[in-house]
Amino acid sequence: MKPNLLIVDDEQVIREVLTERLTVAGYHCDAASNSTEALRRLTDGDRYSLVLSDIDMPGLNGMALLKEIKAKYPEIDVVMVTGVVEVDTAVQSIRMGASDYITKPFHLDEVVITVERTLEKRRLIKENREYQVSLERMVEERTQEVVRKSAEVERLYQELKTAFERIHTTYNTTLEALMEALDTRDTETQGHSRRVSEFTLAVARRMGVTEPELTQMKWGALLHDVGKIGIPDAILRKPGPLTPEEWVEMRKHPELGRRILAGIKFLEGAVPIVYCHQERFDGTGYPRGLSGDQIPLGARIFAAVDTLDAMTMNRPYRKAMEYQRAREEVMKFGGTQFDPRVVEAFLQIPEQEWETIRRSIKADLAARGMAHRY
């Protein structure tokens, strides 16, 4: 059964013509000669899906009727009927909530099409609303199901988080142990790799580096000399200057380090520092003679902090340099050995912060019984 319509017009002939044509189209139609009568029908509980109303009527006009209907019965569609000279008013009625408008003189078939189009639109809106309610109900049911399982999900999450933290800790512990062994073999000064890795992080943070790059830089700095595993002890531990031939062998350690780490997935981001930590900003370093931004940022940062650590720690052949002097040396070689932007970030870090890092690492080594010639 098609919906009920209410036709409102002060001209009887128009009411009759519209009622007859829409009845032929299958609609049940009632008529009202003015807005007051139309509102009474609506107030009495008559159920209409659509009101077809003239705009220009004596007393309460069509615009006022539209306003009342939209305020009290927002589910009822209203189609306005207007003369050609009142098109602007009809457009205004659309803004007030009318579904459409028809201009006089009208073609009856066009009236039927407008009514059908308006009701079809309402049907689609209703179906969409029902679908939305159904969807919301389904979401609520699924949400309740998720809530029921939330404890299990949280437990699994915590287990995975703990496992990840253990893996991460294991990585750090294993790498630190390896590098402590290399530090002892090379320089007899433990803590070097730990210090430069923490120094690298301090400068990287000043330069805006964030995770996961920070961790990869830390591991790269920690493993920077891993390639020295392949350098003979006769060269690595030689107390005096190296011969040109021995330097050829020593300079192979970045490439050896790159090969050692190749294929280790979690250390892919560490390789650039291992491979490029002996490059110089002006292109005079090795193994490839890279310059400027060709050198990975982590390697450029490492170059500065490695120099600081080397100059401010005791060696068998010399005493440690004062921090201020070491700082001046880093400044002096900005633009040649070091990236000026790295030097700028380096200089922002107060001496106390470097010392705090040193003391923390020294305390950790002492707690593990590993402090030696520190």
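**Exercise 1. Overall composition**

How many helices and strands does the secondary structure of the chain come to?

*Solution.* The model is predicted, so local features need pLDDT of at least 70 and side-chain atom pairs count only at pLDDT 80 or more, whereas totals for chains, interfaces and linings use all residues. Residues are numbered from 1 along each chain as its sequence is written, and side-chain values use heavy atoms, with hydrogens and water left out.

Step 1. Helices (H or I, at least four residues) and strands (E, at least two) are DSSP runs, numbered from the N terminus. The chain has 15 helices and 5 strands.

Step 2. A residue is buried under 20% relative accessible area, exposed over 50%, and partly exposed in between (1.4 Å probe, protein chains only). Of the 374 residues in the chain, 40% count as buried.

Step 3. Contact means heavy atoms within 4.5 Å. Among contacts in the chain with a separation of 6 or more, 64% are accounted for by residues 24 or more positions apart.

**Exercise 2. Helices H6 and H7**

Determine how helix H6 (residues 192–206) and H7 pack, and explain why H7 (residues 213–222) is described as largely enclosed.

*Solution.* Step 1. Axes are lines fitted to C-alpha atoms, for helices over the stretch in contact, and angles run from 0 to 180 degrees between N-to-C directions. The axes of H6 and H7 lie 8 Å apart, at an angle of about 150°.

Step 1. Angles under 35 degrees count as roughly parallel, over 145 as roughly antiparallel, 65 to 115 as roughly perpendicular and the rest as oblique. H6 is therefore roughly antiparallel to H7.

Step 2. A crossing is left-handed if the near helix is turned anticlockwise from the far one by less than a right angle, and right-handed if clockwise. The crossing of H6 and H7 is right-handed.

Step 3. On the H7 side, the contact is made by Leu 214, Met 217, Lys 218, Ala 221 and Leu 222; on the H6 side, the contributors include Val 196, Leu 201 and Ala 204. Ala, Val, Leu, Ile, Met, Phe, Trp, Tyr, Cys and Pro count as nonpolar, Asp, Glu, Lys and Arg as charged, and the others, Gly among them, as polar. By these classes, the contact of H6 with H7 has 7 nonpolar, 3 polar and 4 charged residues.

Step 4. Because 9 of the 10 residues of H7 are buried, this helix is largely enclosed by the rest of the structure. Among the buried residues are Gln 216, Lys 218 and Trp 219.

Step 5. The loop between H6 and H7 holds Pro 212. The peptide bond from Glu 211 to Pro 212 is cis, with omega near 0°.

**Exercise 3. Helices H12 and H14**

Characterise the crossing of H12 and H14.

*Solution.* Step 1. The axes of helix H12 (residues 297–311) and helix H14 (residues 340–347) come within 10 Å and cross at roughly 50°. H12 and H14 are therefore oblique to each other.

Step 1. The crossing of H12 and H14 is right-handed.

Step 2. H12 contributes Leu 297, Arg 300, Ile 301, Ala 304 and Leu 308 to the contact, and H14 contributes Arg 341, Val 342 and Phe 346. The residues of this contact divide into 6 nonpolar, no polar and 2 charged.
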